[in-house]
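Student: I'm new to this one, could you walk me through it? Let's look at it together and start with a single residue.

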Amino acid sequence: MTGIRLTAPAPGWAIDADVVVVGSGVAGLTTALRCAAAGLATVVVTKARLDDGSTRWAQGGIAAALGEGDTPEQHLDDTLVAGAGLCDETAVRTLVTEGPDAVRRLIETGAHFDTTDTGAIALTREGGHHRRRIAHAGGDATGAEISRALVEAVRSAALHTVENALVLDLLTDAEGRTAGVTLHVMGEGQHDGVGAVRAPAVVLATGGMGQVFSATTNPPVSTGDGVALALRAGAEVSDLEFVQFHPTVLFLGSDSEGQQPLVSEAVRGEGAHLVDASGTRFMLGQHELAELAPRDIVAKAITRQMHLLGTQHMYLDARHFGAEMWEHRFPTILAACRAHGIDPVTEPIPVAPAAHYASGGVRTDLRGRTTVPGLYACGEVACTGVHGANRLASNSLLEGLVFAERIAADIVTDRTEDRTEDRTEDRTEDRTEDRTQDRTQDPAEDPAQAVSGAQGEGRDRDQDLTQPAGNGAAVPGAHRPAPEPAPLLTAESRTEIQRIMTRGAGVIRSADSLARAAEELDSLQRTAATAADTAATGAKDAVPGVEAWEATNLLLVSRVLVAAAREREETRGCHWREDRPDRDDADWRRHLVVRIAPDRRLVVRRTDSAAFPPVRPEDSAD
């Protein structure tokens, strides 16, 4: 445990549950539905509305070996190639073998995919795939349809949901196990202000961190909150240097910042060409799949061509589709382009790479367990080993689906075992005993002290849960620091972080650019710490609040990303070091794992191989 927490008021309300799921995309809602169906008291916390996560922005589709002649083995091969030598093969095999049935269960939940004239699921191709295996809905509105179906199922099941809530920090018991989360609810409603959801299982499904960059396809809520929470709680993160930049994002001008319109890879899958201003197809000869090469290769090719020609964008030419195909197959993209004064039916689309997806995240095993007992991670916030150094197109929705089901199964098993143990112990206890009292607590202990968070042995479910991770019994062999609030950043710092990261850790990186980024980020941290030390936090934008918490989270994940990118002295997947242009398997076909040590230092270590080590020392394998 790090003892670091966000500066926030004490919780003024609390909810008790068996499991709390943070996030409402495909990963979060699938986990919640499976847990609730097994009889667990499940609470869903989401930063905006239930249908406002990253899932609904997914255009292309969900990849699975559903077509005639396709097999999980072929899907595995394409995923391993895209991952540039860093995929965990066991994790990938789990994904591709369990994926088809998981998609069928999604359909049973209510998701409607586009079909052929014969009623079969319509499949398309995207970059890195050698077969048509991408199921899509509404032409190019797959994420919106999946989100609709899951949200409808959650509401039909009457799950307890807390919307417009920013998760703050992890709650732990005296033994370091997860005990819930603190959160801040924005606006009025049943719950308002800072509160807590107390549960022995917490599932982070908070999505990505694309907002660390100036231009991204991610929605404004993608500020790395889950990764930051996990780091403060002492969890390990991995592969954070591998940020995928989508090759074809609608270019709106060099000064355009924030969420940018995506032009799905499926457009290239249906035959669109990448060209320069003269109409030359520059991807020919660069890869056997040309425009359908893995995303990192296409993004690099576009960037090189832009530098060569001194331009700020390339073009995606799909005029040969005709109006009918555009309107039927890609209505969302067509509308977005026309809203910005571009008509893909009659002119090429200006495109440039933009931050799109975090291939790394909170390190997990095949059951979604992190290095903190009781804390799980799923979806983009997690690093399961599936994506390696570069995610294969449309594997993200599938990963969220498959690993959500695995997490739910693990939680259900654990809670069933806990309840069996509780019933066995209850039969030997006085039936009139207060069931809220810790079973190992001295009966003579002052109950007031037991609720005050006093440290001691045997504290389990009854400790004061108003304190974030870092409170409780000492970690064996290490000094447990006193809780320390993280210095808050001002709201304006968010834009500065984004510009620092775009300049120094964007598509192209170098030792010099990363060193400058690290120093500038450290300077922001020092400024915030100085302001806190001199009680200068009275400025309006520096007091505890959503904007300050988001900026503080962005700074933490940015510093970790830059630290990992500086450490990895090679080019691999979507990590492009212009000063280290070659892939180095001998030294670097392995993962970087980062954590905050008990003394609050950032510790970066290299694994022994491309395979992930177990998240728990006692687990040699899953």
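Student: What is Leu183 in contact with, leaving aside its neighbours within four places in sequence?
Tutor: Taking contact as heavy atoms within 4.5 Å, Leu183 touches Trp13, Val45, Val162, Ala165, Leu166, Val167, Leu168, Gly193, Val194, Gly195, Ala196 and Val197. This is a predicted model, where local features need pLDDT of at least 70 and side-chain atom pairs count only at pLDDT 80 or more, while totals for chains, interfaces and linings use all residues. Residues are numbered from 1 along each chain as its sequence is written, and side-chain values use heavy atoms, with hydrogens and water left out.

Student: And which residues touch the most other members of the largest nonpolar core?
Tutor: Leu183 and Leu204 do, in a core of 67 residues; such a core is a set of buried Ala, Val, Leu, Ile, Met, Phe, Trp, Tyr and Cys residues joined through side-chain atoms within 4.5 Å, where buried means under 20% relative accessible area (1.4 Å probe, protein chains only). Its largest share, nine residues, comes from α14, helices being DSSP runs of H or I with at least four residues and strands runs of E with at least two, numbered from the N terminus.

Student: Switching topic, in what order do the five strands of the open sheet come?
Tutor: The order is β22-β20-β14-β24-β25, with mixed pairing, and two strands pair if DSSP finds at least two bridges between them. At the edges, β22 (382-383) and β25 (602-606) each pair on one side only.

Student: How do β14 and β24 pair?
Tutor: Strand β14 (residues 237-238) and strand β24 (residues 592-596) are antiparallel over two bridges, and Ser238 stands opposite Val593 in β24.

Terms used: Buried < 20%, exposed > 50% of the residue type's maximum accessible area, 1.4 Å probe, protein only.
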